[in-house]
Amino acid sequence: MTYCVDMILPFDYQTPKTLKEACRLLGEAKGKAKVIAGGTDLVIRLRNEEEKPDLLVDVTCLEELKGIEESDGTLSIGATVTHSEISDSSIVKRYGSVLAKAASQIGSPQIRNLGTIGGNIINASPAADTLPALMVLNAVGRVVSSESEREVPVRQLLESPYKSALKPDELLVRIQFKKLSQDTCCSFHRLARREAMAIARMSLALLFRMRDGNISDFRFSPGAVLPVPDRLEEVETFLEGRSPEEDLLRAAACKVSEAIVKRSGIRPSTSYKAPVIEALFLRAMREAMQQCQSNK
Amino acid sequence: MPIKQIGIDIPKVDANNKVRGVAQFGADLSVSSPLHLKVVRSTKHHAKVIKIKTEEASRVKGVERIFTAQDIPGKHLVGTITKDQPVLVSDRVRYVGDPLAIVAAQTIEAAEEAVKKVEILYEDLPSVHTPEEALKPHAPLIHDHGNLLIEFQVVKGDVVAGFKEAEVIVEELYETTWVDHAYMEPDAGIGFMDEEGRVTVVCPSQNVHYDQKEVAGVLSLPLEKVRIIQCATGGGFGGRLDITVQCLLALATYHLKRPVRIVYSREEVFDVISKRHPLTIRYKSGAKKDGRLTAIEVEILGDTGAYASYGATVGIRSAVHATGPYQVPNIKVRSRMAYTNNPWSGAMRGFGVPQIAFAHESQMDLLAKAIQMDPIDFRLKNALTIGSETATGQSLMASVGIGESLRRVKTWRDQLISVSCDSPRPHLRRGIGIGSMWYGIGNTGIANPSTAQIEILPNGEVRLLTGVADIGQGSDTVLLQMASEALGVPIQEIKLIRADTAFTTDAGATSASRQTYISGNAVLQAIRHLKQEILREAASFLQEDEADLFVEDGEVRHRKKRCISLPIREIAKRTQKRFKGEGSYDPETRKLDPQTGQGAPYATYAFATHLAEVEVDTETGKVKVIRVVACHDVGKAIHPQNIVGQIIGGVAMGVGFALMEEYIPGETTSFVNYLIPTSKDVPEVIPILVEDREPSGPFGAKGVGEPALIPSAPAILNAIADAIGERIYHLPANLERVLEAVKKSKRGGKTWQPC
Ligand SMILES: Cc1cc2nc3c(=O)[nH]c(=O)nc-3n(C[C@H](O)[C@H](O)[C@H](O)COP(=O)(O)OP(=O)(O)OC[C@H]3O[C@@H](n4cnc5c(N)ncnc54)[C@H](O)[C@@H]3O)c2cc1C
């Protein structure tokens with residue numbers, strides 16, 4: 001057994017100035033390169049020798065990956081935008097508050113100042129905090145390589161725990177979603193073993209609008225309970241178009257834990273997680289409904 | 001003479017260098033072109049070592065030498081009490097992490113590469129992982145002398161009669177787990193031959209003079225050929241009482257005769273440094289309806305892991321403190337510590353008392369509830385006072401501040417109750433809990449002397465020499481304050497020489513909350529002797545009668561002749577003499593009887609009561625500690641702010657012990673999965689100091705280092721029980737355990753909340 005102190009296997013480091021150059025470097029490396037943004041996930045993996053790239057391509061100088069932009073009906077966030085920038089952004093707070101709230105609860109100020117939304121997605125952790133929020137926002141990633149350019153819904157960017165669906169020569173450039181209308185109610189909740197610097201034990205994001213007293217366009221995604229973050233359609237269809245009475249919400253909460261058990265199976269943690277996710281779900285629903293009340 | 005330096009908040013003498021980043025911790029130490037050391041460690045829980053193959057590893061470019069047990073010239077085993085822990089294993093590994101070889105190489109890379117190439121041939125042995133298993137008749141033996149490290153009893157009165165007399169009896173099982181010290185600085189250090197040809201090691205440590213003896217034994221060198229210097233030390237909490245890197249550095253230096261350096265990674269620290277002992281405590285106690293305790297019967301079983309370390313101390317101390325700070329007429333406590341193939345447990349802030357306090361304070365609340373008495377009044381009714389006899393039959397003569405701490409906390413609690421009420425959100429429930437403790441200062445019923453010297457050189461320089469290791473707790477400052485006060489020389493003008501075996505003498509360990517009390521007394525004695533010497537010299541120099549002279553404010557003065565006053569440093573200068581005062585102090589104790597545990601194990605005790613206010617999320621099991629009121633009887637606060645620092649740190653550690661800290665062998669690797677409280681998890685702390693003077697203490701002081709931690713977790717656990725009406729018997733009270741308890745609760749438990 002050996003313990004590495006500060007030893008990371010040697011690699012080259014490039015900081016391309018253009019997207020084209022970045023794509024070229026990734027293409028030429030033939031799978032031996034890794035993209036680095038904030039490095040808050042990658043550097044740990046390097047130290048543990050879970051990744052052994054020959055080359056790191058630093059994408060933090062690429063203009064195309066920066067900034068938060070608003071155009072027509074969409075909001076576009078550069079892949080290297082940090083969690084601090086997102087949680088401080090007045091446009092994100094306005095048109096995608098569920099994401100601002102998720103980003104504001106990540107790690108610690110230091111981690112939020114370094115960690116990026118692109119890194120959070122591509123690291124593909126089952127507990128990544130922005131993923132449930134991006135899921136309910138129907139966010140889509142723009143992915144480019146020397147050869148191609150494609151638009152991929154966030155869910156399709158994830159393959160399995162800690163494995164994204166990006167090809168080695170692909171870069172995530174931006175994340176886009178439709179601006180939420182001002183009558184949308186949303187909520188993000190997160191539970192961890194301590195108040196900061198702790199991976200979420202469970203999280204969830206949801207949003208909907210009220211139409212004539214009924215829930216409309218209901219979207220829901222739990223975090224840290226599925227191997228790969230996802231929406232729970234069975235819960236969404238269950239609530240769609242119905243009036244949010246207490247009994248119905250409780251029934252929906254049961255559907256939440258059922259759906260999770262169905263997908264993840266019964267695990268040692270299930271006896272804890274199932275009732276708690278139900279409680280968090282109810283809390284989130286009540287919070288969102290209160291928002292609806294005050295929106296009126 | 002008015003007191004000037006005692007009881008004031010001067011800047012800590014080490015603070016300036018630390019905040020400026022100038023202080024050198026283990027990994028900061030530089031030495032010219034050192035070889036880098038890396039340790040080859042066992043991957044097996046329990047196995048015979050058939051062969052250690054180093055040939056391929058030695059061929060790695062840059063590798064200078066690989067050491068195994070064969071290279072040890074002297075003793076192979078070290079250990080503070082029982083010497084059973086190999087510096088390098090030759091025959092049998094007993095836990096995952098046991099050291100087998102040291103690689104010395106030109107670069108860290110080469111050393112790491114070579115470590116991977118050392119091949120160990122093992123023959124697996126059956127391993128044992130619980131103390132219960134270990135004590136079964138045919139359990140695999142971990143050490144030849146058997147798996148029972150120690151069995152110890154405290155017996156007093158007649159428990160059968162005591163329980164017969166009781167009107168309520170409560171019996172429960174309490175469990176605690178491994179806790180890591182989580183000191184900020186990973187172990188590291190350097191070794192070299194000093195200018196006088198001594199094998200020299202500089203590293204963080206809690207006791208350089210102990211380290212020196214162990215290293216000398218291992219190298220088979222006379223003590224004076226080994227020098228240990230303590231560098232700035234990033235915390236200890238008991239983890240640096242045992243040998244960590246000292247022998248590895250010394251062995252390599254001894255053979256290579258050139259500088260060497262070692263730095264552990266955080267993962268290595270987690271795997272190979274001692275842990276807090278997991279204890280299983282069966283606790284039965286009885287009381288009369290009027291609130292008098294009649295008897296306790298306690299069975300303690302601990303897991304000391306692969307090696308003894310401080311297992312015996314924890315076994316004995318937890319038994320001696322099992323009553324808590326209360327008078328109990330009939331007592332039977334049995335405490336056993338067993339070896340297992342788990343990581344070794346050792347000293348950690350409190351030596352078993354934090355664990356036993358969790359049990360006795362839970363019992364106190366359960367009993368109070370059973371007889372429908374206010375928990376503070378119930379404690380007060382039984383609290384030790386002057387004249388009380390402890391569990392070991394010791395009569396307390398002075399400085400018993402437990403009652404006062406309870407009364408002070410009671411005032412707070414009554415205020416809190418009048419304002420606090422359940423949160424408007426129904427899933428959040430508030431609760432208040434009390435935790436009290438007592439803690440014997442110094443080692444248990446054995447000699448634990450300290451020594452110190454104070455000198456005035458012919459040039460007038462004043463030097464205080466002490467072997468005490470300041471590990472951040474503030475002994476440098478406090479000892480200087482005492483020296484300054486007693487000698488009348490300003491602190492800035494006293495040069496402190498500390499924890500370097502080339503200059504200092506044995507002060508014992510920075511442990512057992514003993515340095516202020518014991519080494520403080522040694523310093524004061526040294527000063528008394530110095531003054532005598534100065535007066536003798538002054539008498540002949542001034543041609544005055546010695547009996548007419550005295551020292552005040554750093555000057556020799558004459559009782560009758562006002563005009564005679566001469567700074568003591570002037571006397572040294574004018575006479576061109578060097579004055580030296582030797583001091584020593586060993587607290588007065590009486591050995592514990594091996595059969596009954598009766599005796600007077602400590603010269604003085606510290607007392608404390610904490611109140612914790614918590615908010616429990618009954619739907620998630622999340623506990624938020626809102627506030628801790630921490631009242632401590634410290635005898636005399638030499639440096640109040642420093643004590644407050646100890647208390648706040650203790651509460652933080654207590655929050656971790658209560659709610660989240662849990663080292664799981666084979667799973668925990670680093671701070672990724674070992675969670676300690678962050679600044680956001682630490683509650684508001686309201687410290688209250690009670691100064692019930694200890695007549696034998698320096699200026700009346702006792703100790704506070706460990707007491708600061710001990711009552712927090714019990715208070716928090718009692719507050720959780722108050723909030724949800726159900727109790728948790730297994731630490732930590734993590735999300736899962738709290739939710740489990742909520743499910744069980746019938747919500748009957750609110751005792752004091754009027755809303
Ligand atoms: C102490 C600590 C606390 C943390 N707490 C949290 C937390 O509470 N919640 C949470 O969700 N996460 C947390 N994290 C994880 C991490 O900070 C986040 O996932 C962060 O968003 C990662 O972003 P990054 O820019 O640092 O990614 P990097 O480490 O730079 O990259 C991560 C992965 O994404 C790839 N990548 C990055 N950018 C791109 C791109 N534009 N295109 C293609 N691939 C890319 C990299 O190759 C790598 O595989 C924590 C980490 C630490 C160290």
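**Reading the ligand shell and the ring pairs**

Author: The shell around the ligand consists of 16 nonpolar, 10 polar and 4 charged residues; here Ala, Val, Leu, Ile, Met, Phe, Trp, Tyr, Cys and Pro count as nonpolar, Asp, Glu, Lys and Arg as charged, and the others, Gly among them, as polar. This is a predicted model, in which local features need pLDDT of at least 70 and side-chain atom pairs count only at pLDDT 80 or more, while totals for chains, interfaces and linings use all residues. Residues are numbered from 1 along each chain as its sequence is written, chains are lettered from A and ligands numbered from 1 in the order in which they are written, and side-chain values use heavy atoms, with hydrogens and water left out.

Reader: Which residues come nearest to the ligand?

Author: A residue is near a molecule if one of its heavy atoms lies within 4 Å of it. Of the 30 residues around the ligand, those that come nearest are A:Val35, A:Thr40, A:Asp41, A:His83 and A:Thr116.

Reader: Which backbone atom of A:Gly38 lies 2.7 Å from an oxygen atom of the ligand?

Author: In A:Gly38 a backbone N or O atom lies at that distance, 2.7 Å; a polar contact is a pair of N or O atoms within 3.5 Å. For A:Gly107, a backbone N or O atom is 2.8 Å from a ligand oxygen atom. The protein buries 90% of the 980 Å² that the ligand exposes when taken alone, with areas from the Shrake-Rupley method and a 1.4 Å probe.

Reader: How is a pair of aromatic rings described?

Author: The distance of the centres and the angle of the planes describe such a pair. Rings of Phe, Tyr and Trp (its six-membered ring) pair if their centres lie within 6.5 Å; planes under 30 degrees apart count as stacked, over 60 as edge-to-face and the rest as tilted. Over all chains, a search of the whole structure finds 12 aromatic pairs. In one of them, the ring centres of B:Phe270 and B:Tyr674 are 5.3 Å apart and the planes are at 55°, so the pair is tilted.

Reader: Are B:Phe270 and B:Tyr674 buried or exposed?

Author: Both B:Phe270 and B:Tyr674 are buried, where buried means under 20% relative accessible area, exposed over 50%, and partly exposed in between (1.4 Å probe, protein chains only). B:Phe270, B:Tyr663, B:Phe671 and B:Tyr674 form one aromatic cluster.

Conventions. Polar contact = N/O pair within 3.5 Å; in protein donor to acceptor, adjacent residues only side chain to side chain.
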